[in-house]
Amino acid sequence: MFGLGIWLLSAALLGAAVLVVHAALFVAVLRAERASTMERWIAILPPALPFIGWRVGLRLLPVFWGLLVVAYLILRAAR
């Protein structure tokens, strides 16, 4: 039972980190000068956001977003 609690806590914290990084990346794409209006609209779609972020010149946040999503999916698949 203790292992399930640790797993649940880590999944919740990792999910919260994904949401925070996703929101920060979305705001950064909306503020980017190189982003066209169409790219800003496409950035609403969660799977497209890191690709749009990379296209407009952001490098750290899209990589961090991808790493967190992969870690979250691995954690979910492990249980």
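Start with Arg59 and Trp54: the charged end of Arg59 sits over the ring of Trp54, 4.2 Å from the ring's centre. Keep in mind that this is a predicted model.

Now, aromatic pairs. In general, a pair of aromatic rings is described by the distance of the centres and the angle of the planes. Here there is nothing to describe in that way, as a search of the whole structure finds zero aromatic pairs.

Next, salt bridges. Side chains of opposite charge can pair when their charged atoms come close. How many salt bridges does the structure hold? One. The partners are Glu39 and Arg55, whose side chains meet at 3.4 Å, N to O. Glu39 is in helix H2 and Arg55 is in helix H3, which covers residues 49-55. The two are 16 residues apart, and the pair links distant parts of the chain.

Is Glu39 buried or exposed? Glu39 has a relative accessible area of 11%, and the limit for buried is under 20%, so Glu39 is buried.

Last, the surface. Which residues form the nonpolar patch? They are Met38, Trp41, Ile42, Ile44 and Leu45, with about 550 Å² of accessible area together. Take Ile42 from that patch.

Technical notes
Residues numbered from 1 in each chain as written. Predicted model: local features only at pLDDT ≥ 70, side-chain atom pairs only at ≥ 80, totals over all residues. Heavy atoms only, no water. Phe/Tyr/Trp six-rings, centres within 6.5 Å; stacked < 30°, edge-to-face > 60°. Lys NZ or Arg CZ within 6 Å of the ring centre and 35° of its normal. Patch = residues over 30% accessible without salt bridge, like charges linked within 9 Å, V, L, I, M, F, W, Y side chains within 5 Å. Areas by Shrake-Rupley, 256 points an atom, 1.4 Å probe, with all protein chains shown as cover. Salt bridge = Lys/Arg side-chain N within 4 Å of Asp/Glu carboxyl O. Helix = DSSP H or I, 4+ residues; strand = E, 2+ residues; numbered from the N terminus. Buried < 20%, exposed > 50% of the residue type's maximum accessible area, 1.4 Å probe, protein only.
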